[in-house]
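Hi,

Please look it over, then read my notes below.

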Amino acid sequence: VREERTHAALVYDGEDCVGWCQFGPVDELPRIKHRRAYLKAEPAAADWRITCFFVGKGHRRSGVASSALQGALDEIARLGGGLVESFPEDVSGRSTSASFLHNGTLALFERHGFERVAPIGAHHWLVTRIVDGGPPLG
């Protein structure tokens, strides 16, 4: 933040910030879990990376993460667009605490037009989507 190199889409309920989605150029967010599996997938060079979500207790499972993701995609479009990658978790067929879904869910990303590229780790996927530059998508 002090270096003015941080990007996040914030979601408000009135005056209260109830969630956010962190994103940025790949070189600003180099640390990823399952790096070996990621590199083994030989991904296309992404312009943007979505790395983390937070949704406040009491606001989970109410669309906050979806709003945050859409806000991030809108901001990426405003900043010129490009190839966006992320590493969501596939929770289908198993019980998972929403408080630990820091990367969002695979279903959430697929609803926003992302496509699976390769599995990385036991339950995570590398997903990508092209975002055109221009006015907001939402």
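Two strands count as paired if DSSP finds at least two bridges between them. On that basis, Tyr12 stands opposite Cys17 in β2. Note that the model is predicted.

Confidence
The protein chain averages a pLDDT of 86. In the chain, 89% of the residues score at least 70. Helix α1 (residues 35-40) has the lowest confidence, with a mean of 87. Strand β4 has the highest, at 96.

Strand pairing
Strand β1 covers residues 7-13, and strand β2 covers residues 16-25. They run antiparallel, joined by 7 bridges. Together β1 and β2 make a hairpin, with 2 residues between them. Gly14 sits in that turn and has a positive phi of about 70°.

β2 also pairs with strand β3 (residues 48-55). Here too the strands run antiparallel, and 7 bridges join them. Gly19 has Val55 in β3 as its bridge partner.

Ser86
Ser86 lies in strand β4, which spans residues 81-86. Is Ser86 buried or exposed? Its relative accessible area is 1%, and the cut-off for buried is under 20%, so Ser86 is buried.

What does the Ser86 side chain have beside it? A polar atom of that side chain lies 2.7 Å from the backbone oxygen of Ile50. Leaving aside neighbours within four places in sequence, Ser86 is in contact with Ile50, Phe109, Trp125, Leu126 and Val127.

Best wishes

Methods
Residues numbered from 1 in each chain as written. Predicted model: local features only at pLDDT ≥ 70, side-chain atom pairs only at ≥ 80, totals over all residues. Heavy atoms only, no water. Helix = DSSP H or I, 4+ residues; strand = E, 2+ residues; numbered from the N terminus. Buried < 20%, exposed > 50% of the residue type's maximum accessible area, 1.4 Å probe, protein only. Polar contact = N/O pair within 3.5 Å; in protein donor to acceptor, adjacent residues only side chain to side chain. Contact = heavy atoms within 4.5 Å. pLDDT = per-residue confidence, 0-100.
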